[in-house]
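Have the sequence and the 3D view open side by side.

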Amino acid sequence: MTSCSGCISTLFSLDIFPQFFEKTKIAYFPFIAEEEKLENCDIALIEGCISQESQIRLIQKIRKIAKKVYSLGSCAAFGGIINLSKKKRGDPISNYIEVDGIIPGCPPPSNLFGNFLMAILENRMFKLSNKNQCYSCPLRESIDYEFKTKITKLVPNNKEINSSQNQKCFLSQGVLCLGPLTREGCENKCIIKGMPCEGCLGSPSKSLFSNICNFLSQLNLSNELKTYEGIFYRYSKPTIKR
Amino acid sequence: MIKLQKIVEPCKRIEGNGNIKILLRGEHIDHVEFEIPEIRGFENILVNKKTQDIPRIVSRICGLCHASQAIACNKTIENIYGISPPTQSIILRRILLIGELIKSHAMHYFFQSFPDLLKIINFQKISNPYELMQFDPHLTSSTFDLIKLGSEIDKIFGGRYVHLINIIPGGVIYNPSQININLARKLLQKGSSNAKYLIENFIKLFSTKTPPSSFELPKINYLGLSNQGSYDRYSGNIVIKNYKNQLNFYEKDYQSYFDKEVGVFGVNFAKNDDMGLITGPIARENINKISATERNISYFRMMSEDWRKSILYQNFLELIEIDYEIHNCLKLLNENSLDEHYNLPELREIQKSDGIGILEAPRGLLMHHYKVNQNEIMIQAKLFIATEINIPLMNFMTSNYAHNLHKNEAVDKVKKKIVQMIRAFDPCISCASH
């Protein structure tokens, strides 16, 4: 579907990829194979969002022939970054067909993705965590639960990065981190590398909207960030009009 | 006036969703166009975004060329703020570009081009990836190892396989452990023997044969970067070179030579000849002579003049670039400044409202040009993408090829064959559909 091909690129990078490739039979994978017919299959992984009519017909067909259908990546699962555009919209797969699960992330975290593929190969159930990033965050001890610090920045400035020996919770440094709103499962990679969470793994609960309202009611957000577009719905199609 | 009839066929085994559009005038093929069904609108998405926020979005243009997109973006922002990253960050950016290139070229060569080469040059048919794996298990494992090598380099130095975390305006946040750096060295050393195997396998299978004349490139302009005559994908001047002339200019002067309209597909060149233009490995070789390096010289001697003129030569050059960049990366890992602590420069005040950033992505020249306001907010973004630059030549060559094929073959067969030529160009639809 409509994507950057980053999910496919991640698939090829996984430790398990050669093994996965050998143990499965690919029925349809336009990136590497010329098969033109969609045939009955056990599993369909769909990457990318739906932004064209023809894609709706294609995924409906896939739903009919595949025993299980999974949305791969945040574009397929939530609509993706294309929704930052004022002119275009990308729908998640689940707006048109029933899906059996999602492997979220932009890109899907390698461990999460690898474990999902292992579960498929071993015919096991695969469950995503329903906890947020803060639950496993290495900076959780410095979380200010009263959110007293005014949030003025999207990312730390380079002066802060240069002196980040004793890294503290981004929110208590005035940097907007979407960890509280975001499902864990990426081993907090961005946070460990010194950047706040952007929310690409989606919400741990069904209602991202109510979580955002709750978060915003507690947060002391600067006026500039209050009017800045594309913070909370960076990787998903907004459920309300901006 | 006869109305043109359109036949549209999705291209398989390319990066992203692209179609071949064959336009028929009556019974005859009028011309062929490569069609990208949808532009995602990143030039529009970036407007009203803060300068520090832009690199995180820009990376999402392409899951294969993500490092190139993010680094070109950071160079553009640094140009606006008038800052330069420390030496260490430049080395790290070069390393990240190398990881991306190794993976991108290895994937394209093995899954997309190699089955075509077997068919076109050796008349061997490979129908699916499993037959491909069985054809030469050593080639398969070597390619998988190279894909893994490129991925691991980007993960070690950039934080993850795709859409790297550490690349920011001002430099690269650097914190790999010594164990991981040693791991990268070991993987690169193994990668060197894998690249050698792939190159020698190419020479063994194809060098003694002659590529079909239909794949021969016309007289052409090569577009790329050159750092005082040397191969350098991170910095240099822009060069447009053909068989008789060579233009060298700074990126700030690009509008005298080419430009584009925001949100509209394609790059317009002001050159006053009727020759086509190509960017990517073939242009890099013709501008900077990777063939002249000591390590590669013997390999190049094995390739005939017919090969050098063919678009299929791009596949050989991809393997050479993998090998070249592996050795380049090993050298970069030995740089003393990698172990030193450098502070990244701060983005204090914007120095100018326009900024340009340029580099060589795996598929060729990539340039970003941004305009920002005093509040550090983007007001205009122009993205110059290699595949967009190559598409006019691709359309010209596929049209000629289709005309020739259609003399003896039905349109259904023609469309299957011209896809092979499109794949030889290695179009990146994700980048082109930005």
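## Chain B: the fold

In chain B, residues 24 or more positions apart account for 73% of the contacts with a separation of 6 or more. Two residues are in contact if their C-beta atoms, placed from the backbone, lie within 7 Å. This is a predicted model: local features need pLDDT of at least 70, side-chain atom pairs count only at pLDDT 80 or more, and totals for chains, interfaces and linings use all residues. Residues are numbered from 1 along each chain as its sequence is written, while chains are lettered from A and ligands numbered from 1 in the order in which they are written.

Chain B has 14 helices and 14 strands. Helices (H or I, at least four residues) and strands (E, at least two) are DSSP runs, numbered from the N terminus. The C-alpha trace of chain B spans about 65 × 55 × 40 Å along its principal axes. Of the 434 residues in chain B, 52% are buried. Buried means that 20 or more other C-beta atoms lie within 10 Å of the residue's own, with C-beta atoms placed from the backbone.

## Where chain B meets chain A

How many residues of chain B are in contact with chain A? There are 45, and they touch 42 residues of chain A. On the chain B side, α1 (42-45), α2 (54-58), α4 (87-122) and α6 (137-158) each supply at least two residues. α6(B) gives the most, with four residues.

By class, this side of chain B has 18 nonpolar, 15 polar and twelve charged residues. Ala, Val, Leu, Ile, Met, Phe, Trp, Tyr, Cys and Pro count as nonpolar; Asp, Glu, Lys and Arg count as charged; the others, Gly among them, count as polar.

## Two domains in chain A

The domain assignment of chain A gives domain 1 (6-121) and domain 2 (133-226). Such bounds come from an automatic or database domain assignment. Nine residues of domain 1 are in contact with eight residues of domain 2. On the domain 1 side, α4(A) gives the most, with three residues.

## The core

The largest nonpolar core has 181 residues. A nonpolar core is a set of buried Ala, Val, Leu, Ile, Met, Phe, Trp, Tyr and Cys residues joined through C-beta atoms within 7 Å. α4(B) gives the most to this core, with 17 residues. Domain 1 and domain 2 of chain A both give residues to this core, so it lies between them.

I46(A) is among the residues with the most contacts inside the core. Beyond its neighbours within four places in sequence, I46(A) is in contact with residues including M1(A), I59(A) and L72(A).

Key: A residue is buried if 20 or more other C-beta atoms lie within 10 Å of its own, exposed if 12 or fewer, and partly exposed in between; C-beta atoms are placed from the backbone.
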